[in-house]
Each structure stands twice: as structure tokens, then as C-alpha cells.
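Please read the text alongside the sequence and the coordinates.

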Amino acid sequence: MMRFKVIINKWANFYFFVQNLSEWHFSNRKAYNLFWQEKPGELTSREQQALKLFAKLHKRYPFGRDFYGQIFFVSRDPLGALGRKLPKKDFQSLEQTFLIFEDRFNLLYRKELPALQKWSKLLAKRLRGTMVGERLNTALARLYRTRPLRKMVKVHLLFSAPDYSGGGASEGDSITLEISRYPFSKVNHAVGVIWHELIHLHFEKRYFLPMLKKTFRSDQQSVSFIKEAAASALLPSGV
């Protein structure tokens, strides 16, 4: 049977905070960066320089086998783990960035934690063994010509900006949900975002994604567009 585990991880939020500010990837949330700089203020020149170095370093370890971002979601001591994995110079640059942003992050974390905790309770209750969830699981498996999802899914709750929510799916058994500043009244939409990310995490991988890659062999842009359009047509605001 499929189950959910809702997680608030300080290191995961710290990594999400720094990597989003660095804008190393095209998918960064610009609205979040603007909101995070309202208090205590705009980034200093030292912080800006640190983010440039962070972005440059991260682009050398992008998504895939060398991606190091996942460590912040699974390790209790991610910097220790990265110290053993990365070349010394790269690790020192990474570590320095987190030291520079520690005070700014802690200030934000103290503000956002109560909302994350409330969201954790709301989502845990809404996701716990509902018939709606099983019906969604079965329907998506049929639509995508795959098996229903039968494992524990970890939902990592992250910072957001007012009226914004978002999600992400990684390899393995976990997804992210940017939710701290989203209205609590929109819990159904938040659950829809979770299932949208589960499409990417599980349902599209066995048949649908290989079919797209076979059809559009050298056109990754079309593959990405169509898989996202298909998922969005279903959840969180689709049919």
C-alpha cells in the first residue's frame, strides 16, 4: 500500500534557499528571491560574490550522477558527506557559502517554521489512507500504462513566497513541496501538487516517457514540454 511521510528538514531548506538565490538553474523561483530579500534587506556584495561562485560550482555538478543537492535531503551531516565526496577546493567554496548565509537563513527559518509545522499536520491528515488517494493511484496507473505506486513517499516541505506553491520530483522516493507561505485553505490544491509530482516521480517513467523519447529522439525540449503539459492537464488544476 502507498503511504506518505511529511518531512521538515532544516538542511534541505538551507540548500533550497541558497541554490535558489544563486539562480544556477533556469527553474529557480525569482519571486521567492525577491521576497527573501525584503527582510533583512538586499544581498551584500559578499553574499552576491558567494552566490556567483556557488552557481559556477553547481553547474559543474548538475543533475545526474554527480548532483550533490540530494545529499541535503537524506544526510544528517550533508557537509561532512560532501567533504568526503568533493575535491577539497570545491568543498571549501561550498562550505564558505553556507557559512556566509547562515545568519540570513536562520532568521528566515525561524519565521517560516511555524507555517511549515502547520502544513505538516494538515497534509499528514489529508494524505493518510484516503480512498481518494487510492482512486487517484489506480486511475493514474491506467492512464500512464504502469503499475500503481506501492511504497513510502517522502514529502519534503520547503519555503515559498506569499500565494506561491510549487514542487519537484527527484530520483528515488521523495518529492519537494514549496508551501510555507501558501494559504492553508488551499490544502486540496497542495495535495494536487503532490500528485502532480508523483506523476513525474513514478507514473510517467515506465511507458510514457520512453515513448516520448523514442518519438522525439533529438528534441529534449519537446519531450519536456509534452510530459509537463500532460501532467498539468491532470493535476493539480486539470481534469
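Arg3 has Met152 as its bridge partner in S2, and Lys5 stands opposite Lys154 in that strand. This is a predicted model, in which local features need pLDDT of at least 70 and side-chain atom pairs count only at pLDDT 80 or more, while totals for chains, interfaces and linings use all residues. Residues are numbered from 1 along each chain as its sequence is written, and side-chain values use heavy atoms, with hydrogens and water left out.

Strands are DSSP runs of E with at least two residues, helices are runs of H or I with at least four, and both are numbered from the N terminus; two strands count as paired if DSSP finds at least two bridges between them.

| Pair | Sense | Bridges |
|---|---|---|
| S1 (residues 3-7) and S2 | parallel | 5 bridges |
| S2 and S4 (residues 174-178) | parallel | 5 bridges |

The 4 strands form an open sheet with mixed pairing, in the order S1-S2-S4-S3. Its edge strands, S1 and S3 (166-169), each pair on one side only. Neighbouring strands of this sheet are turned by 25 degrees against each other on average, direction ignored, where axes are lines fitted to C-alpha atoms, for helices over the stretch in contact, and angles run from 0 to 180 degrees between N-to-C directions. Helix H8 (residues 187-203) packs on the sheet and touches S1, S2, S3 and S4, its direction making about 145 degrees with that of S4; contact here means heavy atoms within 4.5 Å.

Strand S2 (residues 152-158) is largely enclosed by the rest of the structure, because 5 of its 7 residues are buried, that is, under 20% relative accessible area with a 1.4 Å probe and protein chains only.

Notes
Buried means under 20% relative accessible area, exposed over 50%, partly exposed in between (1.4 Å probe, protein chains only).
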